[in-house]
Amino acid sequence: MSEAIITVQTNENAKKKTKKKLFSDFREHKTYYFMLTPMIVFFILFSYLPMFGVYYAFVDYDFSKGIASKFVWFKNFEFLFQGGFDSIIWKLTKNTILYNIAFIGLNTFFQMSVAILLRELTYKKFVKTSQTLMFMPYFVSMVIISSIVYNLFNYDFGVINSAFTAMGFEKFDFYSTPAVWPFIIVAVEIWKGLGYGSVIYLASIMGIDESIYEAAYVDGASKWQRIIHITLPLLKPTVIVLLLFSLGGIMRGQFDLFWNIIGQNGFLLNATDIIDTYVYRSLTVNFSMGLGSAAGLFQSVFGLIVILTVNYIVKKADKENALF
Amino acid sequence: MAELSIKKQRNSIQQDAGTRIFNVIAVTIVSFFAIVCLLPFVLVLSGSFSDESQVAINGYKLFPQEFSLQAYKVVFSNLGDTIGNAYLVTIYVTLVGTVIGLLLTSMSGYVLSRTDFKHRDKAAFFIYFTTLFSGGLIPSYLVNTTFLHLNHSLWAVILPGLLGPFNIFLFRNYIKGIPHSLVESARIDGAGDFRVYWQIIIPLCKPVSATVGLFLALGYWNNWFGYSLYLISDKDKWGLQYLLYRMLARMTDAVKDSQIVMDALPSETMKLATAMLVTGPVLLFYPFAQRYFVSGLTIGGVKG
């Protein structure tokens, strides 16, 4: 009875109290608010303001007029979507998603395999040295990597073509054969991320209770058996979480990778143009801000839908692993 | 009894053979990957020490052909000032960006980790939302140029890279792991929120600071993108990576257009020499930095 009365009273005072609370909270923890201010300003300026900038996707951008450019409704989108399966946006989306699927699948496979092998190897120096070497590509810029790729594959003096010549084969013109570039790009992506990714998996494997392995060892399990019956099943949750994280970014391209390796080589664009490179070209080469903004908005909205869908499905299946 | 010991022995012999095969295979595979990761850098290094005319005839090899310092000499004499200036720009951007970024990231992470800060979940979502939806490159560019007027300024490279959701959450999760009693006892001694941050939390955050600092520094050092958007026409403000980016593009152009340039300069080995100069500090530094990456990445999940 008394409890009920108290609840009623609290409800009556609730409005007043929240107002008071907010204010007293501010007074009590002024410092917190001051310390957060730079962060809030930062994200407003560099993330939230540009969100309003999606307005540019609906204008025929004119550099002399800026924000006063003519509002054209969905004209930019019509242009991008024109032609169904031959449309610009279809090609870009298809490339972006297919590349990302290849990246996600193969990265997971290679990074996990290396991590599992490193876990089972007992030669400390070998493990450390190989880890250091595999981590190397992660630290260099894509500009450097682009020069490496160029020196490997170019026609006149590329390493591969000089090897071909030395072995008596004919030279192969990589830079005018679009079909080979998806493989090269995927290989470079795996190469660059191998060290970094395997560290994450290795950390997760090291978190597995050592006594399980010891028990298996006492029971006479071989290393293969330990991998298949202990490591892999216990690694599954980590793999799923990481896969979901990457699935959420399936519409986001590795701009740095594609732009530096392919750049504006028109000959290869059909096989290698992704949304991000298209947007960058719109901005820096074609100066078609409206079209670029429209493609960017499509990417963001589609990406958000993918994330929400994935999260919804995960939440239904297993609440623990949901993103939010 | 005797039977049992024989069985055991056989078992252990079998295991050893299996283990040995496993080890051989594992070492082979891991070595293969390690070598594949190393090899391209050896090629660049040996190329940069090669004689240009030999490269033109034979292509690149694993070992320098007719070891020569020609490329480096030409780079230093013809591009010495340009590269020196780009070095200064990159060092400046990296230092300023990393220091300010680290300060702001740690402050944000600290406040978000405090249980007595009521709006921490809202603040976390405010940050997390930026990873779910973004305006895209062109709206960002237009805001930065027409609204913030960052064009032609190095701040255009520094500011956008200061804070990232991943780094903030990394800090928050690390601080959450610091025993609460430490903060409590400081409170009782009369320390305010900022004092707790500066004198208790920060000194305990060395590992995560090293990790986030390295992430930031690496990002700034390897950045070419910001320069390509905001500083195209400001040659004296080009960073190292962008200078190399332009060299790679322009030298190929030069080879096509003008016979003189191609004959006069060892352009191909020059590119490699410049590449080595640009990335050298990172490659020398990273074996020492690597363990901080590893320890930082094991701090744990980065859920929003």
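Me: How many helices and how many strands are there in chain B?

Reply: Chain B has 14 helices and 0 strands. Helices (H or I, at least four residues) and strands (E, at least two) are DSSP runs, numbered from the N terminus. From the N terminus on, the elements of chain B run α-α-α-α-α-α-α-α-α-α-α-α-α-α.

Me: What should I know about the ground rules?

Reply: This is a predicted model, where local features need pLDDT of at least 70 and side-chain atom pairs count only at pLDDT 80 or more, while totals for chains, interfaces and linings use all residues. Residues are numbered from 1 along each chain as its sequence is written, chains are lettered from A and ligands numbered from 1 in the order in which they are written, and side-chain values use heavy atoms, with hydrogens and water left out.

Me: Why is A:Ser146 called buried?

Reply: Buried means under 20% relative accessible area, exposed over 50%, partly exposed in between (1.4 Å probe, protein chains only). A:Ser146 has a relative accessible area of 10%, so it is buried. This serine is found in helix H6 (residues 142–153) of chain A.

Me: What is A:Ser146 in contact with, leaving aside its neighbours within four places in sequence?

Reply: A:Ser146 is in contact with A:Asn260, A:Ile261 and B:Leu248, once those neighbours are left aside. Contact means heavy atoms within 4.5 Å.

Me: Why is helix H13 (residues 275–284) of chain A said to be largely enclosed?

Reply: 9 of the 10 residues of this helix of chain A are buried, so the rest of the structure largely encloses it. Among them are A:Ile275, A:Asp276 and A:Arg281.

Me: How many residues of chain B are there, and what share is buried?

Reply: Chain B has 304 residues, and 49% of them are buried.

Me: How do you know that chain A and chain B touch, and how much area do they bury?

Reply: 91 residues of chain A are in contact with 96 residues of chain B. The two chains bury about 8,600 Å² between them, 77% of it on carbon and sulfur atoms. Buried area is the accessible area (1.4 Å probe) that two parts lose on being put together, summed over both. In chain A, A:Tyr32, A:Met35 and A:Phe139 lose the most area to chain B, together 10% of what that side buries.

Me: What is the count of salt bridges between chain A and chain B?

Reply: The count is 0. A salt bridge needs a side-chain nitrogen of Lys or Arg within 4 Å of a carboxyl oxygen of Asp or Glu. Helix H2 (residues 30–52) of chain A gives the largest share of the side of chain A that touches chain B, 18 residues. By class, that side of chain A has 65 nonpolar, 19 polar and 7 charged residues. Ala, Val, Leu, Ile, Met, Phe, Trp, Tyr, Cys and Pro count as nonpolar, Asp, Glu, Lys and Arg as charged, and the others, Gly among them, as polar.

Me: Where is confidence lowest in chain A, and where is it highest?

Reply: pLDDT is the predictor's confidence in each residue, from 0 to 100. Helix H1 (residues 2–28) of chain A is lowest, at a mean of 55, and helix H4 (residues 88–120) of chain A is highest, at 93. The mean pLDDT of chain A is 85. Chain B averages 83.

Me: What does the model score overall?

Reply: The model scores ipTM 0.85 and pTM 0.86.
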